[in-house]
Amino acid sequence: MRLPLPFRAVEVTQRVVGCVLGLALGDALGAPFEFVRGPEIPDPLPAFERPWMGLPPGSTTDDTAMARNLVRSLVERDGFDAADLVARHLAWFRSGPPDVGSMTARVLQRASEGMPAEVAAEAIWRLRGPEVSAGNGSVMYCAPLGAAYAARPDALPRLAPRLSRITHYDGRCGTAVLAVTLAVAALVRGDEPVAAARAALRAVIDAPGGEELEFLTEAVGVSRRVDGPEQGFCLYAAAAGLQALVRDEDFETSLRGVVALGGDTDTNAAVAGALIGTRVGSEGLPPAWLGRLADRDAIAEEAAGLAPLARRTDAD
């Protein structure tokens, strides 16, 4: 696979770091407004001014914690290793984090008791039923997988659903993860935003929830609210991110708009932040926001370690 000129080392590193830092920025921006109805969110949005769960402004949630687990695993294992990622998630879960998604907590609790995580995820999915099992807990942190496999996107239809099934067995969750990771991979390669989003949607159109995701990418915040009872739906998170990408606005405008929709604001903004951050690269992220982001330097250093994976081709 011959890499096009925009896919050279400096640009790749900037895009990959932009992806992970963008995810963290979106997470931290949206965290104080999680589960607030859209009309109740202040306008203008007080960005990085409010605490989250008693932690200072700029603190991140489980979205970023799990994304960093994924980044570290990808780098240290030289690619996707489900068992290693589960071990990292379990170590984090046992540390008593301030917030863990309900489905993720159920799965990791069973996994901590000895049940394989994917078996636990399937068992809980069958017990609870599809109506309440298609949460966004795997979509929220999946973007680094797309960055790592930017030059090997043919691997993502196999790996993305497997990543999702670690905690979220529902097929629609896998579809959302695949769409987001394919879009991220295309952006790291230098594809135009609209082309990246459209290609990702085409790739999942026949998958579970694929047609609904295509519809929601145009409908969220327009004809479909995302701050109601289904606010944690996996397809909402993917659609909000892809919609923001297609609008092609600057990072700050895009993320403020996503948070203003209300609902699961930290996750929706984390997905959007990862996509827009990949498009603009680390140099295009707002310095004032970066200055307030907890663990910014550590996140950036970890993310830079993904760049060699992002440039790797099947021939390497």
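**Note on the predicted model: helix packing, pocket and loop**

1. Helix H3 (residues 82–94) packs against helix H4 (residues 102–112) at about 100 degrees, with the axes 10 Å apart. Axes here are lines fitted to C-alpha atoms, for helices over the stretch in contact, and angles run from 0 to 180 degrees between N-to-C directions. Helices (H or I, at least four residues) and strands (E, at least two) are DSSP runs, numbered from the N terminus. H3 and H4 are therefore roughly perpendicular; that class covers 65 to 115 degrees, with under 35 roughly parallel, over 145 roughly antiparallel and the rest oblique.

2. On the H3 side, the contact uses His89, Leu90, Trp92, Phe93 and Arg94. H4 supplies Ala105, Leu108, Gln109, Ala111 and Ser112. Contact means heavy atoms within 4.5 Å. By class, the H3 contact with H4 holds six nonpolar, three polar and one charged residues. Ala, Val, Leu, Ile, Met, Phe, Trp, Tyr, Cys and Pro count as nonpolar, Asp, Glu, Lys and Arg as charged, and the others, Gly among them, as polar.

3. This is a predicted model: local features need pLDDT of at least 70, side-chain atom pairs count only at pLDDT 80 or more, and totals for chains, interfaces and linings use all residues. Residues are numbered from 1 along each chain as its sequence is written, and side-chain values use heavy atoms, with hydrogens and water left out.

4. The largest pocket holds about 620 Å³ of space. A pocket is an open set of points on a 1 Å grid over the protein atoms alone, where a 1.4 Å probe fits, with protein on both sides within 12 Å along at least five of seven lines; lining residues have an atom within 4 Å of a point. Grid points are joined across faces, edges and corners, and the volume is the space filled by probe spheres set on them.

5. The largest pocket is lined by 31 residues; closest to its centre are Ala134, Gly135, Asn136, Gly232 and Phe233. Helix H2 (62–76), H4 and helix H13 (265–280) are the elements giving two or more residues to this lining. H4 gives the largest share, three residues. The lining divides into nine nonpolar, 11 polar and 11 charged residues.

6. Check the loop between strand E1 (36–37) and H2, where proline 44 lies. The peptide bond from aspartate 43 to proline 44 is cis, with omega near 10 degrees. Methionine 53 is also in the loop between E1 and H2. Its phi is near 50 degrees, positive in a residue other than glycine.

7. Overall, the chain has 16 helices and two strands. The C-alpha trace spans about 45 × 45 × 40 Å along its principal axes.
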